[in-house]
Amino acid sequence: MNTTADILWIDLLIGQTMLIVPLIIFWYYKTGLILDTLIATVRMSVQLFLVGVYLKYVFEWNNPWINSAWVMIMVIVASLSISDRTKLKHRFFFIPNFIGVFISLLVVDAFLLGYIIQLDNVFDARYYIPITGMILGNSLQNNIISLNTFYKTLKDNLPEYHFALAGGAKKSEALFPYMREALINSFNPTIARMAVIGLIALPGTMTGQIIGGSSPEMAIKYQIMLMIAIFSSSVISVFLSIWVSMKIVFDRYQNLNLGIFREKRKK
Amino acid sequence: MSSILEIKNLYLKAGEKELCSDFSLSLKKGDKAVVEGSSGTGKSTLIHTILGFFPDYKGSIRFMDKELSPETVHFFRTGIAWMPQQITFRGKVLGFFEKTFDFHVNRHLRPTEKEISDYIGLFKLDKDTPDKKFEQISGGEKQRVILMVVLLLKRPLLLLDEPVSSLDEENKTVVTDVILGNPALTVLSASHDKTWNSRCTINKPF
Ligand SMILES: Nc1ncnc2c1ncn2[C@@H]1O[C@H](COP(=O)(O)OP(=O)(O)OP(=O)(O)O)[C@@H](O)[C@H]1O
Ligand SMILES: [Mg+2]
């Protein structure tokens with residue numbers, strides 16, 4: 001695998017100047033996204049750098065406990081960043097997000113690593129960590145969109161929700177349209193993207209594996225399995241997060257606690 | 001006979017504003033009550049409170065001998081038919097109808113096409129009203145559509161929030177006759193309307 005061409009550190013820095021173009025566009029249209037973009041880029045770079053250093057050791061030790069602790073940290077950070085990107089308060093949504101993300105990972109990881117790839121050691125760092133990371137990273141967007149859609153649509157249509165309750169609907173019946181809308185909004189783009197994979201999009205893992213020297217055939221098998229794992233785990237975690245949050249953010253009369261919404265993000 | 005609805009010493013607050021401090025009301029079967037008062041005095045809030053949407057009250061609210069509480073709120077919401085002052089619905093009028101009767105507790109009441117078209121005739125609505133978008137029909141049409149749902153639910157108590165506010169004289173008379181002229185119905189309404197209010201049997205200032 002030494003055939004892979006390395007990127008020089010200096011070239012990596014020069015490569016980052018590519019960002020100037022999107023920043024100019026964001027600036028022109030007064031999107032208020034510039035600072036966020038810069039912070040996100042710096043965070044991404046620093047985090048990846050640290051992870052690179054860290055992973056070197058993790059791979060050397062390859063201890064199930066350390067590996068699991070690492071995954072746990074990823075789950076916690078993912079849960080926090082979901083409520084961070086929605087207009088909802090951590091106080092109410094950390095636990096639902098955590099439960100949704102954690103359980104969906106558990107199910108999908110066990111099936112994928114334990115049964116399909118048939119690892120002797122499910123916690124083998126080489127598989128466990130990158131695959132879990134991929135699944136997590138990709139379901140994040142779905143979680144954000146669905147939570148936002150669910151609670152925003154509900155808030156914007158409170159009279160409709162109240163009319164359903166007063167009509168005798170059980171809570172689950174009254175909330176049905178909002179869950180439906182959240183799922184549609186969040187997964188429509190995902191499905192569309194999945195439908196064109198290979199045609200107009202070469203996914204990250206596959207690209208990585210091929211650049212890394214694997215045969216395209218093996219890369220494809222992994223890619224298919226991963227796509228399905230990511231998709232399933234996203235749907236499970238979206239459903240679970242909303243479902244658990246439904247137990248927390250309504251009072252005993254099924255009224256929505258309007259204190260769950262954060263004030264508008266400052267520019 | 002005991003009362004259908006019994007409100008005692010109700011104290012209501014919206015934010016810092018006190019809406020009522022000692023409101024009492026008792027409704028027996030067949031009673032037609034209206035709470036009157038200028039805009040913003042809290043009539044709609046009173047109705048919301050009875051349905052459990054505003055649990056922050058003091059006093060007693062009993063419906064068919066049950067005190068409003070988290071355990072009984074579903075009993076209230078399956079025994080009371082509510083006509084809200086304003087409502088949004090994203091879909092067709094027919095969908096608005098069907099939605100309420102899709103709920104488990106109402107399935108056995110699902111209206112037949114004939115029942116619907118009878119009401120459409122009675123309330124002088126266009127025949128194609130069910131196919132229109134709910135948000136595109138007029139305020140007065142919405143009121144009559146909601147009233148159809150409320151009546152088709154055949155519940156022991158009707159809570160009507162401004163039932164005739166957007167209706168012309170002719171329709172107002174029809175609706176008033178159908179509801180206030182029916183001795184079997186028990187009604188608590190909030191209204192500014194002279195025609196409606198003069199035909200109610202209990203008039204409460206609010
Ligand atoms: N959630 C709330 N928080 C604070 N104030 C509220 C809330 N809901 C209602 N109010 C206030 O309570 C008062 C009563 O409102 P309500 O809608 O009950 O009046 P109303 O008597 O039905 O008026 P109208 O005749 O115009 O329908 C209003 O001043 C309103 O601004
Ligand atoms: Mg009102």
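1. A:Ser83 lies in helix H4 (residues 64-85) of chain A; helices here are DSSP runs of H or I with at least four residues, strands are runs of E with at least two, and both are numbered from the N terminus. The residue is buried, with a relative accessible area of 0%, where buried means under 20%, exposed over 50% and partly exposed in between (1.4 Å probe, protein chains only). Leaving aside residues up to four places away in sequence, A:Ser83 touches A:Leu88, A:His90, A:Phe93, A:Asn97 and A:Arg262; contact means heavy atoms within 4.5 Å.

2. As to the basis of these values, the model is predicted, local features need pLDDT of at least 70, side-chain atom pairs count only at pLDDT 80 or more, and totals for chains, interfaces and linings use all residues. Residues are numbered from 1 along each chain as its sequence is written, chains are lettered from A and ligands numbered from 1 in the order in which they are written, and side-chain values use heavy atoms, with hydrogens and water left out.

3. B:Ser44 is buried at 18% relative accessibility, whereas B:Gln85 is partly exposed at 45%.

4. For B:Ser39, the distance from a polar side-chain atom to an oxygen atom of ligand 1 is 2.6 Å. In total, 14 residues surround ligand 1, and the closest are B:Lys17, B:Ser39, B:Lys43, B:Ser44 and B:Thr45; a residue is counted if one of its heavy atoms lies within 4 Å.

5. Strand S3 (residues 32-36) of chain B has 4 of its 5 residues buried, so it is largely enclosed by the rest of the structure. S3(B) runs parallel to strand S8 (residues 187-190) of chain B, joined by 4 bridges, and B:Lys32 has B:Val187 as its bridge partner. S3(B) also pairs in the parallel sense with strand S9 (residues 202-205) of chain B over 4 bridges, with B:Ala33 opposite B:Ile202. Pairing requires that DSSP find at least two bridges between the strands.

6. In helix H4 (residues 113-122) of chain B, the buried residues are B:Ile116, B:Tyr119 and B:Ile120. Seen down the axis of H4(B), they fall within an arc of 105 degrees, so they line one face of the helix; the arc is that of the directions from the helix axis to the C-beta atoms. Their cover includes H3 and helix H5 (139-152) of chain B. After H4(B) comes B:Lys124, with a positive phi near 55 degrees.

7. B:Ser60, in strand S4 (residues 57-63) of chain B, is buried, with a relative accessible area of 17%. Its neighbours in contact, not counting residues up to four places away in sequence, are B:Glu6, B:Ile7, B:Lys8 and B:Glu67.

Methods: A polar contact is a pair of N or O atoms within 3.5 Å; within protein, one must be able to donate a hydrogen and the other to accept it, and residues adjacent in sequence count only if both atoms are side-chain atoms.
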